[in-house]
Amino acid sequence: MIKLENISKVYPPKLHALEDASLSISQGEFVAIMGKSGSGKSTLMNIIGFLDKPTTGHMTFLSQDVKALTQTELANLRLREIGFVFQNFNLLPRLNAWRNVALPMAYAKLPRQKRKENAFQLLEQVGLIDRASHLPNKLSGGERQRVAIARALANDPNIIIADEPTGNLDSKTGKNIMDMFCQLHQKGKTLIIVTHDASIASYAQRVVTVHDGKIIHDSQHGDQDD
Amino acid sequence: MEAVIIALWNIVANPLRSFLTTIGIVVGIAAVIVVIAIGEGNREVIQNKIKMMGANLLAITLQNSEFDDGKILAGMPTFVDLKAIATLEKKVPAIEAISPVLRINSRFKYQSKSIKFFINGTYPSYQIVRNLEVLSGRYFSVFEEKHKKRVCVLSKSAAKRLSANGQNILNQNIVIDGRRYKVIGIVNDLPPLQNNAKPEQAYIPYTVMKKEWPYLFLDTVYLTIDKDYAVEKSIGEVESVLQQIYGETSKNWVKGMTDLLKGEKAIIMQTTLIITGVASLSLFVGGIGIMNIMLVTVKERTKEIGIRKAIGATDASILHQFLLEGVMLCVLGGVVGTVFGIVCAQVVAELMEIPVKISWSAIIVALAFSSGVGLFFSLYPAAYASKLSPVEALRYE
Ligand SMILES: Nc1ncnc2c1ncn2[C@@H]1O[C@H](COP(=O)(O)OP(=O)(O)O)[C@@H](O)[C@H]1O
Ligand SMILES: [Mg+2]
């Protein structure tokens, strides 16, 4: 579904955040991306999620060349195909929980009533229906991340991209969140999760290891040498 | 609609900042309201005057304006004489009525009253020329004019001033400048051609006037154009007859209604220009303020922009969001400015004694103006916001 071939990302003047990375992800896969801090995991995720453009290399999504897409087309892919979950939640502080969840549906131009209905349904799914009208700063870290997951699911995307979703949570809450991701995977979502916690990586079927901007290991292919 | 509410919400989140930012817009829009109010008030007054006096009224005059008080220019300039008036009447069929006017400020006495106001020496046709409505009695006749009868027609205000009850004075004798005249009619007050012209007027035969004040120099002749003829074309005909008689010197003698009201218009124009200057300056400064605050807002909300883009907002929707916010900010300023402007217009009307008129169109123009300013000056900040790279924006703390 998503195919990266010899992708590099260079930050000026010459910081190679990603070097010659090749990766192919199929529909319904659960991929964990591991690596030390600063190894280039987020850079990789942002490219996979159409947030960032690679400096060189070739990328396809459902066999279309991503480079050929316009900004608007990329935004529409992020809207319909991708659900992002971040380490620091990234909720809009002035919107309450259900309005945060409803926001992507507004960009998808769903009617107002439908947005609210769906948002409440999603909050129920993540067990936060009684927190629907709370502002993010009135929620605990785990609750915020659940709101973020509900938001990621708003337009029923195929792919969930989570960049260290448990990084700011205690281990018990983190496990709770990971259980939620496992459920999503069982429901057929394609899941790509960044973590440097090996126990969390054990949830995944496939582990990709990044080091100094290079993919040094992909459990699907066995060890790779650079 | 929802987007409007969200924009308002973001504005209200910083009430003091929003208020300070919009002061320039408030002042600018208030000035726009005042300019339009003066313009429309003035236009209404002029239109009323033209309607009351008739758009077909022309003056042949040496003066720049009708009420220059009969000051005579140096020497004895060439000007229309009675023979030329007769020639005009004969040669220009478009002329409905024509009359010379001699004018002087005189003392009027009746019983115990003694008052000064203007006396006009005219032909009987002056009644038609100025559309004088006879309220009681009659205007003097051709016979009385020809035979220098000491008869006098008073305007309603003049009659009222001379006697407690305006009716009593009809058919009575009054004394003007030491001579006795019989009051044979009372006519309505003329709408003043200029604001300082008094409604008290008296009319006597031209021949009598010329006899009693022989030193007066004729400098104004009024005439009206028949309804069946075009005014502008007829002005040309009158001018060409005058040029045949007097040559080039008569070039600027003929003045239409628009010319007569020009002096008044010039003052209004000056005021309007000054206020327009204030309006554009404050709208410009206000607009720069809006641009500045919108740039600050975009900077502060870089993270928000990143999040919105990550969940699927297009560049266009980010652009719209910030444009709408800038426009709403200005429209709020515009609403306050409109209210402030209406108050200012009343104050201007009082202090400067000029007519003002607030209309819906003025309010709509003002609000359209403020949204235009908002749109223009948020264009750059909103475009900047929409072009932010999502990754960079998300990294922003
Ligand atoms: N926008 C950027 N500008 C410059 N350097 C960056 C930028 N984003 C990431 N980097 C650098 O690229 C490298 C990889 O970063 P990142 O992908 O965030 O690593 P990780 O997510 O694995 O911690 C790091 O050295 C980081 O400092
Ligand atoms: Mg990272």
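Me: Is Thr22(B) buried or exposed in this predicted model?
Reply: Happy to start there. Buried means under 20% relative accessible area, exposed over 50%, and partly exposed in between (1.4 Å probe, protein chains only). Thr22(B) has a relative accessible area of 8%, so the residue counts as buried.

Me: Which residues does Thr22(B) touch, leaving aside those up to four places away in sequence?
Reply: Thr22(B) sits in helix H2 of chain B, residues 15–53; helices here are DSSP runs (H or I, at least four residues), numbered from the N terminus. Contact means heavy atoms within 4.5 Å. With that cut-off, the residues touched by Thr22(B) are Leu329(B) and Gly333(B).

Me: How many Å separate the C-alpha atoms of Thr22(B) and Gly333(B)?
Reply: Along the chain, these two are 311 residues apart.

Me: Which backbone oxygen lies 2.9 Å from a polar atom of the side chain of His185(A)?
Reply: A polar contact is a pair of N or O atoms within 3.5 Å; within protein, one must be able to donate a hydrogen and the other to accept it, and residues adjacent in sequence count only if both atoms are side-chain atoms. His185(A) lies in helix H6 of chain A, residues 171–186, and is buried at 17% relative accessibility. Its neighbours beyond four places in sequence include Phe30(A) and Leu191(A). The backbone oxygen at 2.9 Å belongs to Gly28(A).

Me: What area do chain B and chain A bury between them?
Reply: Buried area is the accessible area (1.4 Å probe) that two parts lose on being put together, summed over both. The contact takes 22 residues from chain B and 23 residues from chain A. Of the buried area, 60% is on carbon and sulfur atoms, and the total is about 2,000 Å².

Me: What do the numbering and the model rules rest on?
Reply: Residues are numbered from 1 along each chain as its sequence is written, while chains are lettered from A and ligands numbered from 1 in the order in which they are written. Side-chain values use heavy atoms, leaving out hydrogens and water, and in this predicted model totals for chains, interfaces and linings use all residues, side-chain atom pairs count only at pLDDT 80 or more, and local features need pLDDT of at least 70.

Notes:
Helix = DSSP H or I, 4+ residues; strand = E, 2+ residues; numbered from the N terminus.
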